[in-house]
Amino acid sequence: MTETDHPPAVRLDGITLRFGGKTILHQFSLEVAPGQKITLTGRSGSGKTSILRCILGFTVPDEGAVFIDGERLTEASVWSLRAKLAYVAQEPDLGPGTVMEILERPFQYRANRALRKNLDWTPQLFERFMLTRDLINQPVTELSGGEKQRVALISSILLGRRIFLLDEVTSALDRAAKEAVLEYFRPRDDLTVISVSHDTQSFNDRVIDIDITAAGGSLG
Amino acid sequence: MSETIEIADLNLALAYGLLLFPLAIILWYRVPMLGAAAQSVVRMTVQLVFVGLYLQVVFRLDWWWLNVLWLLVMILVADVSVVRGAGLRMRRFAIPLFIALLVGSAVPLLFFVGVILRRPFLLEAQFAIPIGGMILGNCLRADIIVIRNFYEAIRESEKAFLHTLAQGARLAEATRPYMRNATHAALGPTVAMMATVGIVALPGMMTGVILAGADPLTAIKYQIAIMIAIFSGTTLTVALAIWLTMRQSFTAYGTLDTRIFRK
């Protein structure tokens with residue numbers, strides 16, 4: 001296969017990001033191949049979560065460009081490119097409603113309507129991620145942090161995304177639940193994962209220390 | 001049918017005697033609002049005297065352009081109140097909210113005067129100014145509630161909002177629940193007022209028509225028409241207020257531009 005056949009799932013090209021006069025990232029570059037699973041690590045405030053926000057178009061870098069599947073993220077393309085991404089926050093706020101309502105809601109959006117049949121996978125995914133079935137009718141506000149993380153993850157999987165941006169997604173999980181999450185992704189060559197974690201054992205295809213690379217690093 | 005009974009200036013001065021009760025209670029309980037209450041009474045008096053004198057001239061002249069000008073001044077003052085009341089930046093919100101208030105007030109007003117009252121001249125001062133004022137006052141209150149609720153709710157639940165965008169929602173889809181909640185809050189007082197009108201309180205317009213010497217059945221017809229006009233106007237202005245301000249309040253990437261807030 002040539003490079004043209006398979007562009008990187010995610011490419012950051014010379015990203016510079018400043019907040020309030022402080023440079024968070026300087027000329028930061030990164031390429032993540034399709035199916036690759038990487039972990040971004042580094043001290044708090046080093047810009048790990050900002051990288052995920054740039055990929056999602058939630059933060060617009062001062063310099064540089066973001067490419068998803070070879071297409072540049074712009075004001076016009078962001079809406080279609082987001083439909084390729086799954087984002088699970090460290091402390092996800094899933095909005096109001098029961099777990100079932102949370103899982104069904106995104107299928108009301110035009111971008112996801114054709115995927116509604118994926119909801120049939122819900123029972124298997126609950127079992128796989130060690131969640132009890134009776135949780136499905138509970139208000140999401142009654143869930144623990146770890147349960148919310150797994151519900152957010154299941155929601156992303158149901159949407160059939162291929163590129164996962166996971167921000168400390170196993171931080172509130174016990175050992176067994178964490179293993180269940182990691183074991184779901186590890187053998188899947190079709191899923192790309194960019195994980196932010198203090199735990200370098202999460203996804204170990206590649207571990208990138210932002211503290212070292214943020215000041216002009218280039219990682220391909 | 002009786003005539004309108006004039007209030008002599010001396011008798012009006014006696015009305016201020018009723019202020020003894022609030023004054024006594026404020027002083028007795030040491031409620032910290034003596035200065036604010038006194039200032040409000042003075043402002044109310046000065047503003048109404050000024051408006052009364054001005055409207056007397058406006059009514060006597062009854063020039064359509066002067067009536068329009070007066071209505072536009074009222075809308076402009078309301079516009080500034082909404083932007084300030086919602087804690088937002090004047091530069092970004094003044095024009096779209098002016099349009100929202102103008103349409104929300106003008107459409108039901110022109111319908112009321114032209115279709116319901118069947119007046120040949122739509123901008124007749126005697127009808128356009130008081131009815132326009134009543135509709136505008138309600139539009140102002142509703143716009144403050146809807147704008148503040150809508151943008152504050154998105155700011156406060158930023159994580160949930162971004163989660164929705166990340167799941168593939170377009171901006172219109174992501175903002176819809178916030179729009180629904182803000183509209184519900186803004187229209188709530190009008191809906192509640194319609195449900196209790198006549199039982200809990202006799203509303204202003206009906207009272208005014210009765211005091212002017214009309215019989216109660218005529219008064220309720222005016223009241224029913226004005227309530228519907230207010231409900232229609234507030235709904236229109238609330239929808240426009242969100243729709244017209246959204247363009248300058250979100251980035252092209254769908255995130256809320258927090259520079260819209262004054263603090």
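**Sheet, helix pair and chain contact in a predicted model**

Visitor: Which strand does β3 of chain A join, and by how many bridges?
Guide: In this predicted model, strand β3 (residues 37-41) of chain A is joined to β9(A) by 4 bridges, and the two strands run parallel.

Visitor: Which residue of β9(A) is the bridge partner of A:Leu40?
Guide: The partner of A:Leu40 is A:Ile208.

Visitor: What is the order of the strands in the sheet?
Guide: The order is β6-β7-β8-β3-β9 in chain A; this is an open sheet of 5 strands with parallel pairing.

Visitor: And which are the edge strands?
Guide: β6 and β9 (206-209) of chain A are at the edges, each pairing on one side only. From one strand to the next, the twist averages 15°.

Visitor: Which strands does helix α1 of chain A lie across?
Guide: Helix α1 (residues 48-56) of chain A lies across β3, β6, β7 (163-167) and β8 (192-196) of chain A. Relative to β7(A), helix α1 runs at about 145°.

Visitor: Turning to chain B, at what angle do α9 and α10 cross?
Guide: Helix α9 (residues 204-211) and helix α10 (residues 216-246) of chain B cross at roughly 150°, and their axes come within 8 Å. Angles over 145 degrees count as roughly antiparallel, and α9(B) and α10(B) are therefore roughly antiparallel to each other.

Visitor: Is that crossing left-handed or right-handed?
Guide: The crossing of α9(B) past α10(B) is right-handed.

Visitor: Which residues make the contact?
Guide: From α9(B) they are B:Met205, B:Met206, B:Val209 and B:Ile210. α10(B) contributes B:Pro216, B:Thr218, B:Ala219, B:Ile220, B:Tyr222, B:Gln223 and B:Ile226. By class, this contact has 9 nonpolar and 2 polar residues, with no charged ones.

Visitor: How many residues of each chain are in contact with the other?
Guide: 22 residues of chain A are in contact with 16 residues of chain B. On the chain A side, α2 (78-82) and β6 (85-88) are the elements that give two or more residues. α2(A) gives the most, with 3 residues.

Visitor: How does the chain A side divide into nonpolar, polar and charged?
Guide: The residues of chain A that touch chain B comprise 15 nonpolar, 3 polar and 4 charged.

Visitor: What is the mean pLDDT of chain A?
Guide: The mean is 88, and 90% of the residues of chain A reach 70 or more.

Visitor: Where does pLDDT stay under 50 in chain A?
Guide: pLDDT stays under 50 over residues 216-220 of chain A, although the model has 11 contacts beyond four places in sequence for this stretch. Where pLDDT is low, predicted coordinates should not be read in detail.

Methods. Residues are numbered from 1 along each chain as its sequence is written. Chains are lettered from A and ligands numbered from 1 in the order in which they are written. This is a predicted model: local features need pLDDT of at least 70, side-chain atom pairs count only at pLDDT 80 or more; totals for chains, interfaces and linings use all residues. Two residues are in contact if their C-beta atoms, placed from the backbone, lie within 7 Å. Ala, Val, Leu, Ile, Met, Phe, Trp, Tyr, Cys and Pro count as nonpolar, Asp, Glu, Lys and Arg as charged, and the others, Gly among them, as polar. pLDDT is the predictor's confidence in each residue, from 0 to 100. Axes are lines fitted to C-alpha atoms, for helices over the stretch in contact, and angles run from 0 to 180 degrees between N-to-C directions. Angles under 35 degrees count as roughly parallel, over 145 as roughly antiparallel, 65 to 115 as roughly perpendicular and the rest as oblique. A crossing is left-handed if the near helix is turned anticlockwise from the far one by less than a right angle, and right-handed if clockwise. Two strands pair if DSSP finds at least two bridges between them.
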